[in-house]
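Me: I am new to this structure and would be grateful for a close look at a single part of it, namely the sheet and the spaces around it.

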Amino acid sequence: MSATPLLALRGISKRFGAVQALTSVDFEVHAGEVVALVGDNGAGKSTLIKVISGINPIDEGQVLFDGRPVSLTGPQASTALGIATVYQDLALCDNLDVVGNLFLGRELRGAGVKKALGWLDETAMEQQASDLLKRLSVSIPSVRTQVAALSGGQRQSIAVARAMMGSPKVVLLDEPTAALGVAQTKQVLDLIRRLREQGLGVVVISHNMVDVFSVSDRIIVMRLGKRVATFDVKDVKQVDVVAAITGVKKTEVAETLHTEAP
């Protein structure tokens, strides 16, 4: 892993009126690393992700990409740098097939007369879609299957694949396994591992500690708009992370987890 983070935020602060959403937050993700961003509702996770994706302009701080200072002036600036975001609602079009979703807004035009007539190059789009899904090891019945007919795990995988169309370097995933069953969750977590293997920096927001420990290399904990803890997954236990999230003593958390255990 490179000593220089692929994406680094330094001293990021953001205020909405009287609400201080982020206070001097540092954040970093390296190439080939999965970082889990965790915290209770209102901890500042979503605000931080929206800063990275260019939706929320920062009030104070600095953003570095590949070690160079950059300005995230909007979603297009973020995308141009190589940052892709997959939100929890996925924003897929159920009435379109997989190819239509992957190429929505970036359709390939035919050549010659077909281009003049405004016809799309369906063959090229279908081939590129198939190649991308094969590279990501995403299994679906056909690239011509309507998205509405896919399972939750397959839909999440298509949303991630669409984000990969621009060849990003960093992928942000907001609750990627929420409301998925066991088999579908495994499918999505395997996809996240493949993104890491391909050298991407992956940021996962999740409330599911089992998934966090299964797929991430580091865990960054936020509470009340501040970064309060950082853990290497191989050196930490769930009780430590939950204690950092809640601000409750580890002994009390351990007692609660023991009480809730089946």
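How many bridges join strand 3 to strand 8, and do the two run parallel or antiparallel?

Reply: This is a predicted model, in which local features need pLDDT of at least 70 and side-chain atom pairs count only at pLDDT 80 or more, while totals for chains, interfaces and linings use all residues. Residues are numbered from 1 along each chain as its sequence is written, and side-chain values use heavy atoms, with hydrogens and water left out.

Strand 3 (residues 33-38) and strand 8 (residues 201-205) are joined by 5 bridges and run parallel. Strands here are DSSP runs of E with at least two residues, and helices are runs of H or I with at least four, both numbered from the N terminus. Within this pair, A36 stands opposite V204 of strand 8.

Both strands belong to an open sheet of 6 strands, with mixed pairing and the order 6-7-8-3-9-10; two strands pair if DSSP finds at least two bridges between them. Strand 6 and strand 10 (226-232) are the edge strands, each pairing on one side only. On average, neighbouring strands of the sheet are turned by 20° against each other, direction ignored. Axes are lines fitted to C-alpha atoms, for helices over the stretch in contact, and angles run from 0 to 180 degrees between N-to-C directions.

Two helices that pack on the sheet touch strand 3. Helix 7 (residues 182-197) touches strand 3, strand 7 (170-174) and strand 8, and its direction makes about 150° with that of strand 8. Helix 9 (residues 238-246) touches strand 3, strand 9 (218-223) and strand 10, at about 25° to the direction of strand 9. Contact means heavy atoms within 4.5 Å.

V204 also takes part in the lining of the largest cavity, together with P176, T177, L189, S206, D211, V212 and V215. A cavity is a set of points, on a 1 Å grid over the protein atoms alone, where a 1.4 Å probe fits but cannot get out; a pocket is an open set with protein on both sides within 12 Å along at least five of seven lines, and lining residues have an atom within 4 Å of a point. Grid points are joined across faces, edges and corners, and a volume is the space filled by probe spheres set on the points. The largest cavity has a volume of about 40 Å³. Helix 8 (residues 209-215) gives the largest share of its lining, 3 residues.
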